[in-house]
Amino acid sequence: MGIFMGRSLKPVTTFLILVGLIACGPSVTFDEPQPAGSENLSKFPRRLQGQYLSLEDFSVLEIGEKLIQRIYDYDYIVHVNELDSTQVLFGDTLINLNTNERTQIRREGDSLIVHIHSVDTVFQLDYDNVVRKYRGYYFLNTRYGKANWEVKKVQLSKGQLTIGSITTKPDIENLKEITETAQDTVPRYTYTVTTKQFKKFVKSGGFQNSEVFVRQKKNNP
């Protein structure tokens, strides 16, 4: 793809943290995959399969039959003056003196350009990752620990793919009210919900924390 991004950061190796950023854990989990009682899908439907461009960070989300991957492919720019004392340039290589990490760069004037290419597996259908459907929504259920499940909602409408998660205070308060659950003040919250309660949560606008992706058209051969 080759998306050009003109953001800068110091030190330069911090961009690797951004690319591989993984959340510490879900704020909310359920004690079984959702919606409860629904069958697991054996694969993602053809209507969902394809490539989608993130409107947040310009990465590409690729959905296959049983796999979702996130692809980062862009140039990252850092001005030479932004390097600190732990960073040393040697030809076309940037060396971190603390870790001895070596990063290939391209230099244009006073700008250092690092090409980022990373492929992260977001979701893969297996025993610990199941997909269920309710009306026009698909729910990604990922086992967290021995008996809990993190759930994300996927919706495709008019070429826009939205992936929603449960992290906001209104969502948590809504779940607490729907399930009449008394809970600790410290997350992570775990809920036991009936099918009716979960569907009520979805209909009431749950999964407010969302990211939007736009379907990419296939190039003709």
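Reader: Which residues line the largest cavity?
Author: This is a predicted model. In it, the lining of the largest cavity is made up of Phe-44, Leu-48, Ile-63, Ile-68, Tyr-138, Leu-140 and Val-154.

Reader: What volume does the largest cavity have?
Author: About 30 Å³.

Reader: And how many cavities of 30 Å³ or more does the structure hold?
Author: One.

Reader: Switching to helices. At what angle do helix 2 and helix 3 pack?
Author: About 145°. Helix 2 covers residues 169-179 and helix 3 covers residues 195-203. Their axes are 10 Å apart.

Reader: Is the crossing right-handed or left-handed?
Author: Right-handed, as helix 2 passes helix 3.

Reader: Which residues make the contact?
Author: From helix 2, Asp-171, Asn-174, Leu-175, Ile-178 and Thr-179. From helix 3, Gln-197, Lys-200 and Phe-201.

Reader: How many bridges between strand 6 and strand 7?
Author: Four, in the antiparallel sense. Strand 7 is residues 93-96.

Reader: Which residue does Val-88 stand opposite?
Author: Ile-95, in strand 7.

Reader: Now strand 16. How many bridges join strand 3 to strand 16?
Author: Three. Strand 3 (residues 50-54) and strand 16 (residues 209-215) run antiparallel. Within strand 16, Phe-213 stands opposite Ser-54.

Reader: And strand 14 with strand 16, how many bridges?
Author: Six, again for strands that run antiparallel. Strand 14 is residues 160-165. Thr-162 has Val-212 of strand 16 as its bridge partner.

Reader: What about Leu-55, where is that found?
Author: In the loop between strand 3 and strand 4 (60-63).

Reader: Leaving aside neighbours within four places in sequence, which residues is Leu-55 in contact with?
Author: Val-212 and Val-214. The C-alpha atoms of Leu-55 and Val-214 are separated by 7.4 Å. Along the chain, these two residues are 159 residues apart.

Reader: Where is Pro-35 found?
Author: In the loop between strand 2 (28-30) and strand 3.

Reader: Last one, Lys-158. What is phi near there?
Author: Near 55°. That is a positive value in a residue other than glycine.

Reader: Which loop is Lys-158 in?
Author: The loop between strand 13 (148-157) and strand 14. Strand 14 is the one joined to strand 16 by six bridges.

Methods. Residues are numbered from 1 along each chain as its sequence is written. This is a predicted model: local features need pLDDT of at least 70, side-chain atom pairs count only at pLDDT 80 or more; totals for chains, interfaces and linings use all residues. Side-chain values use heavy atoms; hydrogens and water are left out. Axes are lines fitted to C-alpha atoms, for helices over the stretch in contact, and angles run from 0 to 180 degrees between N-to-C directions. Helices (H or I, at least four residues) and strands (E, at least two) are DSSP runs, numbered from the N terminus. A crossing is left-handed if the near helix is turned anticlockwise from the far one by less than a right angle, and right-handed if clockwise. Contact means heavy atoms within 4.5 Å. Two strands pair if DSSP finds at least two bridges between them. On a 1 Å grid over the protein atoms alone, a cavity is a set of points where a 1.4 Å probe fits but cannot get out, and a pocket is an open set with protein on both sides within 12 Å along at least five of seven lines; lining residues have an atom within 4 Å of a point. Grid points are joined across faces, edges and corners, and a volume is the space filled by probe spheres set on the points.
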